[in-house]
Amino acid sequence: MKKKIVNFMLSTVLVSSLLIGCGNNANQSGTTSTNKSSANSKAGNYDLTLYSVNTTDPDFESWLQNVETATGLKINVIAAPTDSDTRQQKITTILSTGDSSVDILEINDEMSASFKNSGWLEGLNDTVMTDDIRGEFAKGYLEQMITNKDGNIIGVPGYAGYLAFWVNQKIMDEVGIKSLDTKEDFKKYMAAASGNGRYGYGGSWEKTYVFNEIAQFVNMFGGDYFDWTKPENKEAIQFLHDMVKNNQTPIDQIADKYEQMNPKANDGKYGCWFMWGLGTDYAKADMLGADKIHMAMVPSMTADGKRAIFTDSWSYVLNTASKNKDAAIKFLKYMAAEGGMEASYKAFDRYPARKDVAAKVVPDSDPAKEMYSRYASECNVNGRPMLPQTMEFITDMGTIYQSCMKDEISVDDFCKKAQELVNKYK
């Protein structure tokens, strides 16, 4: 039985990839064979081994020096493979076989969903993610993404990366819409901004990406992605369907991933959209700014004024097979503390996952600070809805969603099929 479980977990992660639209600020390149470490580590005199996705970042060595100096640890670093499937295969193999040669690993949300209940990762509630510390992280993200069935948090989030709401201020000014605060505001903007090849809303609706937006709208309408009997879920899907029907969002975006969306946004094709990251593509096109493209507060689609948003992260996790747990705990405590988060912010542009740390270390000149602070304080911050068979669930949901938007099935049929998929994969 144990062998079957390991094989299942391995096959699950092998088919997973980062193409599901994770807004990852971590460097995903890595190298396949080189190790980067201090001189003492190279001599074999090290305290722990870190499996990292950030080794190709130009500031990695200065980050490593900072961590070693602050903790007094000598850290051996193994660079994660470039290819996402290969990387996840190797991490799965390390953990599932009880390989003790790696102590700390960086894993994404997809792997967290697959691994958190496997027994391969050490619980951190009593050592690192104590009550006073975890209270500064997004509660929804901790509970949904990196807390196992026994209530133990198994990772330290490396950053906060929101699926931010973006607007084109030029279009808003043109049509005379002052704000997108409520559902009524949003609907007025859809009608006013759409026409002549332009759409009020743009999305990334490729079948392995669209679950981000399905879940975002379900949350905004007060629904539950894992309970498709709720009327709020149906209301959210009907709202998206009506935007297609009214030519307020294009049906041809069912082929689009995020990399296809940004050029269209820069060209003024969309009035608003959801997007990961800090707007690098807009800045490169000289389209980032308060009078151009900028982040905005997520609209409230409910009568009670509640707002919802997603955050993602890569997390540092502790291999239960580690023989260097004292050193590993010391490393993790630093990464969860102000110094570690500030070092990651400066080296990797990773926005601090702790709201109190972000308020202190992120300069006011950072264009994301104001809106990220508001997201943290004004929104219900969630982790993305994932099940252990991550890609199968995501792909099947995306497939029936596309069928619904193309009127091949009704909204009622979509909700019925969606619940069947939840029951199948949960």
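Contact is taken here to mean heavy atoms within 4.5 Å. In the predicted model, M335 meets this criterion with W63, V67, V156, Y316, G340, M341 and S344, residues up to four places away in sequence not being counted. The residue M335 is located in helix α14, which spans residues 325–336, and its relative accessibility is 2%, so that M335 counts as buried, the limit for that class being under 20% relative accessible area. Among the contacts of M335 is V156, a residue 179 positions away along the chain, and the C-alpha atoms of M335 and V156 are separated by 7.3 Å.

Most residues other than glycine have a negative phi. N196, although not a glycine, has a positive phi of about 55°, and a positive phi of about 55° is likewise found for N247, which is not a glycine either.

Each of these asparagines is placed in a loop: N196 lies in the loop that runs between helix α9 (183–193) and strand β8 (199–202), whereas N247 belongs to the loop between helices α11 (231–245) and α12 (258–266). With regard to accessibility, the relative accessible area of N196 is 89%, and N196 is therefore exposed; N247, at 54% relative accessibility, also counts as exposed, because the exposed class comprises residues over 50%.

Note on methods. Residues numbered from 1 in each chain as written. Predicted model: local features only at pLDDT ≥ 70, side-chain atom pairs only at ≥ 80, totals over all residues. Heavy atoms only, no water. Helix = DSSP H or I, 4+ residues; strand = E, 2+ residues; numbered from the N terminus. Buried < 20%, exposed > 50% of the residue type's maximum accessible area, 1.4 Å probe, protein only.
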